[in-house]
Amino acid sequence: MYLVVEQLLNGLQFGLLLFLLAAGLTLVFGIMDFVNLAHGSLYMMGAYFAATFVAWTGSFVLGALLALGATLLLGIALEYVALRHLYGRDHLDQVLATFGLILFFNDAVRLIWGPAGLALPLPAWLTVPVQIIPGVYYPAYRLMIIVVALAVAAMLYLVVMRTRVGMLIRAGASNREMIGALGINIKLLFTLVFGLGAALAGLAGLMQAPILTVQIGMGENILILAFVIIVIGGIGSIRGAFMAALFVGIIDTMGRAFLPDLLRKVLSGAAASTAAPALSSMLIYLLMAIILVLRPEGLFPAAKR
Amino acid sequence: MKKAFWLAGAMALALAQPATAADSVKIGFVSTFSGPTAVIGNDMRNSFELALDHLGRKIDGKPVEVIYEDDQQKPDVGKQKTEKLVQSDKVDFIVGYIWSNVLLASLKTAVDSKTFLISANAGPSQLAGELCSPYVFSTSWQNDQTPAAMGLYMNQKGVKSVFLIGPNYAAGKDMLAGVKSTFKGEVVGEEYTVWPSQLDFSAELTKARNSTAESIFVFYPGAAGVQFLNQYAQAGIKAQIPLYTAFTVDELSLPLQKDNAIGIPGAQEWVNDLPNAENKKFVEDYHKKYPGLRPTYYGAQAYDAAQLINSAVVAVKGDLTKKDAMKAEMEKANFKSLRGPFKYGNNHIPIQNFYLQDVVKDADGQLSLKTVATIVKDDQDKFHDKCSMK
């Protein structure tokens, strides 16, 4: 029983982290109709900034905040310098250009920080396990990720649903041409949205950094999952991204946790041990395929164009 | 049309280039030079280059040409690069291979062309057994050997039960099988993770903690080892269940693992402080040539590979067509390995010692590895009976 609770928490934590990454991606894709493969690079930059700033300031929290600001600025600069010129082009051009940006960022990181990767050690108060209910201990840092990500999700919800900027963002997701025609400064809105997306990716990267290592190309594998999530959730929908991220996080973790034992009941030990990781990594793609068949627009599609 | 013209021109030019005369020794080097594990490939290249420096950049008086190829840690790419080295570069030796799955994919190409292949790291069980070949040598080990030594050490410590975690690919399976072959206690659980994409081990760690195991054994080379130790320490399991490792803590991962690695034992056939003269010279000159970097067992194995090649070429006086004579010479292991005692079994896998290594703070306050004890002497892999070469 405790095992299930702990594994659910693991899934929740992974899902929320994916949500931070997917939220930015879905905003940019949904509102600006822009495919940004370099989103994973912003995630990586968030982690590198955090490792650098934490080492400079000696404080984890201060360093993380600085890194967040730096990724936001980097996102805005990137949009202003490069991506702005690609909005009118078709998706293939965008894929090509942002793929180029991945290579650019990877090599920039190699030049600045070297090929070996960095470590981002946690302060002592975050490395202790916390007793959440009697008998269940959970790492404090993973708990913090859950709390921060939930807070960010709530804030995002409030901003998108309750503020004027949020209204514009939603309007942009529904009909871009129309809000331009109504005299809204769509360029500024796009820059803002892109900056916000970058900051969210940066936040995901810097929170993931102490668990993983800070290394070149760390954003590439996880970006695939983020795309799966926005497809499942419905492109442009924050709520969809949130729900889909939780689904994916929990299904992936539960699959890894329990599938091997289930398979061992049917197959021989060795075959089960080998097949289980392969099968569990397929689960989320199966989920995506099923949802694409049943609801091609995703679970929570943004309002129709 | 214009494109076709240029293409034809380029091809004509390529054909017109004189075939390289046999007055140089051509070595292909396949390893990982991009992505997160590029640090390993770089270390192997650094050590190989250092070995060539020590040989005076010449083998039996002939200049040496090394062609480095990046396998991107992918079996299909490794195979392609091996094919390129064999078929278009026509190299005399192929060295390298960090990853067992990459080596297994590339093996047939080299063996079919009768090109000598020297694995400087990967040691899949198949290579030692049914796939052994006269043209394939190893300067590392068979995968099972190192974890088997760890299993022996765990018996010495009186460990009663273990939870095994490793990556789901050729080497991961060999490694866990290796511990099981010698460990006398109970194996409570055995988990494989998706390799190399899975970086979060929370589900596996949770299972290990909730099991009755009194120890955990893992095999996670490269950056995955850093991630595993981070998560193991952060989850507070380090204070509860001791960890035993193979190829998880090394000089490349240590600067990133930092204090998380303290108190985590590992087994290894080479440690930087092994007391023989050749090793002292290697470590010293490595520091001189590559300031700020530290040599690893990957590099030491690559260094030995260069020495092995040298011994073979010298023995046939530079006549690289005498493959049988070269093979016979290499089987003698007629060179001074950095790890000390080294001889070949019938399957061309070294018979060697395995040491217990521990993490200590060195004179500059930096973490480094230190030999604590010899776990097993003159260990031979357990697959050599399955090899058809006697």
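Tutor: Gladly, and let's keep in mind that this is a predicted model. We can start with Pro196(B), which sits in the loop between β8 and α8 of chain B.

Student: What makes the peptide bond from Trp195(B) to Pro196(B) cis?

Tutor: The omega value does: for the bond from Trp195(B) to Pro196(B), omega is near 0°, and the bond is cis. Most peptide bonds are trans.

Student: Which loop holds Lys317(B), and what is noted about its phi?

Tutor: Lys317(B) belongs to the loop between α12 (297-315) and α13 (323-331) of chain B. Its phi is positive, about 55°, although Lys317(B) is not a glycine. Most residues other than glycine have a negative phi.

Student: Why does Lys317(B) count as exposed?

Tutor: Lys317(B) has 10 C-beta neighbours inside 10 Å. The label exposed applies to 12 or fewer, so Lys317(B) counts as exposed.

Student: And Ala333(B), is it buried or exposed?

Tutor: Ala333(B) has 22 other C-beta atoms within 10 Å. The cut-off for buried is 20 or more, so Ala333(B) is buried. Ala333(B) lies in the loop between α13 and β12 (343-344) of chain B, and it has a positive phi of about 50° without being a glycine.

Student: Why is Glu65(B) called partly exposed?

Tutor: For Glu65(B) the count is 14 C-beta neighbours inside 10 Å. Glu65(B) lies in strand β3 (residues 62-70) of chain B. Setting aside neighbours within four places in sequence, Glu65(B) is in contact with Ser24(B) and Lys26(B).

Student: What makes Val165(A) partly exposed?

Tutor: Val165(A) has 13 C-beta neighbours inside 10 Å. The exposed label needs 12 or fewer, and buried needs 20 or more, so Val165(A) is partly exposed. Val165(A) is part of helix α6 (residues 164-174) of chain A. Its C-alpha atom is 8.2 Å from that of Leu189(A), 24 residues apart along the chain.

Student: Now the helices. How do α10 (residues 238-266) and α11 (residues 269-294) of chain A pack, and why are they called roughly antiparallel?

Tutor: They pack at an angle of about 155°, with their axes 8 Å apart. Angles over 145 degrees count as roughly antiparallel, and that makes α10(A) roughly antiparallel to α11(A). The crossing of α10(A) past α11(A) is right-handed. By class, this contact has 13 nonpolar, 4 polar and 3 charged residues. The α10(A) side includes Phe247(A), Ile251(A) and Leu259(A), while the α11(A) side includes Ala272(A), Leu279(A) and Leu283(A).

Student: At what angle do α6 (residues 145-156) and α7 (residues 170-182) of chain B cross?

Tutor: Their axes cross at roughly 35° and come within 7 Å. The crossing of α6(B) and α7(B) is right-handed. Among the residues making the contact are Pro147(B) and Met150(B) of α6(B), and Met175(B) and Val179(B) of α7(B). By class, there are 6 nonpolar, 6 polar and no charged residues.

Student: Which parts of chain B form domain 1 and domain 2?

Tutor: Domain 1 covers 25-141 + 272-351, and domain 2 covers 144-268. Their centres, taken over C-alpha atoms, are 28 Å apart. In chain B, 18 residues of domain 1 are in contact with 14 residues of domain 2. On the domain 1 side, α2 (38-54) and α4 (100-112) each supply at least two residues.

Student: How many residues of chain B touch chain A, and which element gives the most?

Tutor: 30 residues of chain B are in contact with 34 residues of chain A. On the chain B side, α9(B) gives the most, with 7 residues. That side divides into 12 nonpolar, 13 polar and 5 charged residues.

Note on methods
Residues numbered from 1 in each chain as written. Chains lettered and ligands numbered in written order. Predicted model: local features only at pLDDT ≥ 70, side-chain atom pairs only at ≥ 80, totals over all residues. Axes fitted to C-alpha atoms, helices over the stretch in contact; angles between N-to-C directions. Helix = DSSP H or I, 4+ residues; strand = E, 2+ residues; numbered from the N terminus. Parallel < 35°, antiparallel > 145°, perpendicular 65-115°, else oblique. Left-handed = near helix turned anticlockwise from the far one by under 90°. Contact = placed C-beta atoms within 7 Å. Nonpolar A, V, L, I, M, F, W, Y, C, P; charged D, E, K, R; others polar. Domains from an automatic or database assignment.
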